[in-house]
Each structure stands twice: as structure tokens, then as C-alpha cells.
Amino acid sequence: MDSKPLIIEQEFNAPLELVWRAITEKELMKQWYFDISDFKPEVGCKFHFEGGEEDKRYMHLCEVLEVIPNKKLKYSWAYEGYPGISFVTFELSSVGKKTKVKLIHEGIETFTNPDFKRDNFVGGWNYLIHESLKEYLENGKALRYW
């Protein structure tokens, strides 16, 4: 069982403040991530959202654990009715005029449901960070909020 954290890094041609807003404001999050109506970037905020394939949906149960504005967002990630808990961290840093996002997902190995295997998270996070968030930030959609 692979207990190493899943780490995905990407530089975006977007200002740090805009990237922060994209990962912490629910109206922007739903443009590239999930529609999370009860999300607030505040420690202790519990939020949930449904995800998965059309024929298999899972309720994600999360709680914000750490917030350092424009630098770090960390929350727990579990599934309703299934054992295991993991932790998702977004770390942001400026690289000249660009912004680097480092996503760290730890504890995936605690999930026993085969649908929650590491390879599925690798594919999902790669898509969300390298394609969905990149497209959102760099194609002009996000700029209307800037």
C-alpha cells in the first residue's frame, strides 16, 4: 500500500490573489472544481459535496483545518458511510508574475473502498489542476472576477 502523499504542482499565468480566490470562493470553485454551497475558508467550517461517476456517486465530508490567506488551505476529506480519512492541502507561492500551486493529498491509503484507490485520485487531481483550473485561470473566465 502506497502511503506517500500525492503531490501535484502547476504554475499558472495568473496573479496569486486570483488563484487564492479560485480555490476559496465557492462561486469561483464551482467553475473548475465542485459546487460546494456550504464552503467557507474558515477553520472549523464543515462542508460536503457529491462526486464520482454518473452511476456511482459519493458524498464527500470535509472540514477546513488550516487557512493562511494567499498561502495555504488544508481540509480533511472523507466519504459518508466509508472508513478512512485523508487530507488535502493547497500551497500557493509567487513565481515572478505567475503563481505556483502545490496540491498535497495525504492519507489516501486509509480508504478501503476500491473506488477510492490512489490511481483514481492521481487521475482526478491531475485533471482538476493541470486542465480544469488551468483552463479556468488562463482562458479569461476568471479575469471577470479580478
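How many cavities of 30 Å³ or more does the structure hold? The model examined here is predicted, and local features need pLDDT of at least 70, side-chain atom pairs count only at pLDDT 80 or more, and totals for chains, interfaces and linings use all residues. Residues are numbered from 1 along each chain as its sequence is written, and side-chain values use heavy atoms, with hydrogens and water left out.

One cavity of 30 Å³ or more is present, a cavity being a set of points, on a 1 Å grid over the protein atoms alone, where a 1.4 Å probe fits but cannot get out. The space in the largest cavity comes to about 30 Å³, where a volume is the space filled by probe spheres set on the points, which are joined across faces, edges and corners. Its lining, made of residues with an atom within 4 Å of a point, consists of Ile 23, Met 29, Trp 32, Tyr 33, Leu 73, Tyr 75 and Phe 90. These lining residues comprise seven nonpolar, no polar and no charged, with Ala, Val, Leu, Ile, Met, Phe, Trp, Tyr, Cys and Pro counted as nonpolar, Asp, Glu, Lys and Arg as charged, and the others, Gly among them, as polar. At least two residues of the lining come from each of helix 2 (26-32) and strand 4 (72-79), helices (H or I, at least four residues) and strands (E, at least two) being DSSP runs numbered from the N terminus.

Strand 6 (residues 98-106) runs antiparallel to strand 1 (residues 6-12), to which seven bridges join it; two strands pair if DSSP finds at least two bridges between them. Within this pairing, Lys 102 of strand 6 stands opposite Glu 9. Strand 6 also pairs with strand 5 (residues 86-95), in the antiparallel sense and over nine bridges, and here Lys 100 is the bridge partner of Ser 93. Strands 5 and 6 form a hairpin with two residues between them, and Gly 96 in the turn has a positive phi of about 65°.

Helix 3 (residues 118-138) has 21 residues and should span 30 Å at 1.5 Å a residue, which agrees with the 28 Å between its end C-alpha atoms, the expected span being 1.5 Å times one less than the number of residues. Helix 3 bends by about 35° at Leu 128, the bend being the angle between axes fitted to the seven residues ending there and the seven starting there. Leu 128 is also among the buried residues of helix 3, which include Trp 125 and Ile 129 (buried means under 20% relative accessible area, exposed over 50%, and partly exposed in between, with a 1.4 Å probe and protein chains only).

Definitions and conventions. On a 1 Å grid over the protein atoms alone, a cavity is a set of points where a 1.4 Å probe fits but cannot get out, and a pocket is an open set with protein on both sides within 12 Å along at least five of seven lines; lining residues have an atom within 4 Å of a point.
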